[in-house]
Amino acid sequence: MKKIFVFLALAASLACCTSRPEALRTGDLVFVGIPADYSIEADSMDDAITAATGEKGQMNLIHVAIAEVQGDSTWIIDATIRHGVDRHPLDTFLRDFTLKDGSLPVFVIKRLKGSHDVASFVEQAKAFCGQPYDMTFLPDNGALYCSELVRDSYRPADGSYLFENKPMNWKNAEGEFPLYWQELFARLGTPVPQDVPGSNPQDMAASPLLETVPVILAK
């Protein structure tokens with residue numbers, strides 16, 4: 001009987017220590033990750049982002065979106081080239097980010113620690129819907145890229161920013177600008193904004209304000 005009690009106590013302890021899947025909540029941040037060993041199309045934006053912000057052998061986070069849950073419906077608010085700043089169903093988001101082999105990327109779900117009025121942050125994000133995607137990645141120009149949308153939306157009532165800007169890097173490990181960035185900014189007629197203050201999903205995901213939660217997204 002004593003052995004049975006010890007076994008049950010150990011099983012209960014292990015169960016408490018095991019992360020169980022949670023439901024997505026309003027205000028959660030959905031980061032899109034590409035495994036380090038996954039082959040991305042050369043000279044694509046994803047490839048260029050990975051070259052500039054990813055770390056060798058680690059998950060490369062190329063996008064961040066905001067979740068909004070209303071009853072049984074889950075919505076995503078994000079900034080993409082395809083939609084601009086837009087609010088659309090989770091199914092649309094999953095379809096848009098399906099990889100070329102038909103699989104889904106890795107989704108890393110982050111949640112703000114502590115007490116925050118996340119509903120107000122989501123409403124602020126929705127107010128940006130309709131703005132174009134920021135192809136120049138410059139601040140305060142009437143357009144937004146994905147992590148810029150999050151930064152500009154997650155602002156408390158005092159107007160401060162929860163997430164800081166940092167000098168942006170556009171160079172790869174060899175210290176060169178990937179061809180994608182060279183051609184993009186040449187077409188835009190503006191220099192590559194090296195060291196201009198901004199943000200990216202990789203840095204944002206590492207913020208001490210966020211914690212990873214075990215939410216599983218699937219079609």
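I began with helix 5, residues 146–153, and I noted that helix 5 lies across strand 1, strand 2, strand 3 and strand 4, running at about 45° to strand 2. I keep in mind throughout that the model is a predicted one.

Next I looked up the sheet itself, and I found an open sheet of 6 strands in the order 4-3-2-1-5-8, with antiparallel pairing. Which strands stand at the edges? I wrote down strand 4 and strand 8 (210–213), each of which has a single partner strand, so one side of each is left without a neighbour in the sheet. I also recorded that neighbouring strands of this sheet are turned by 35° against each other on average, with direction ignored.

I then turned to helix 4, residues 118–126, which packs on the sheet and touches strand 2, strand 3, strand 4 and strand 5 (106–112). The direction of helix 4 makes about 110° with that of strand 2.

For the pairing of individual strands, I followed strand 1 (residues 29–34) alongside strand 2 (residues 60–70), and I noted that they pair in the antiparallel sense over 6 bridges. Which residue of strand 2 is the bridge partner of V32? I found that H63 is that partner.

Last I went to strand 3 (residues 73–80) and strand 4 (residues 84–89), which pair in the antiparallel sense over 6 bridges. How many residues does the hairpin use to join strand 3 to strand 4? I noted that the hairpin joins them through 3 residues, and that A79 has V85 in strand 4 as its bridge partner.

Terms used: Residues are numbered from 1 along each chain as its sequence is written. This is a predicted model: local features need pLDDT of at least 70, side-chain atom pairs count only at pLDDT 80 or more; totals for chains, interfaces and linings use all residues. Side-chain values use heavy atoms; hydrogens and water are left out. Two strands pair if DSSP finds at least two bridges between them. Helices (H or I, at least four residues) and strands (E, at least two) are DSSP runs, numbered from the N terminus. Axes are lines fitted to C-alpha atoms, for helices over the stretch in contact, and angles run from 0 to 180 degrees between N-to-C directions. Contact means heavy atoms within 4.5 Å.
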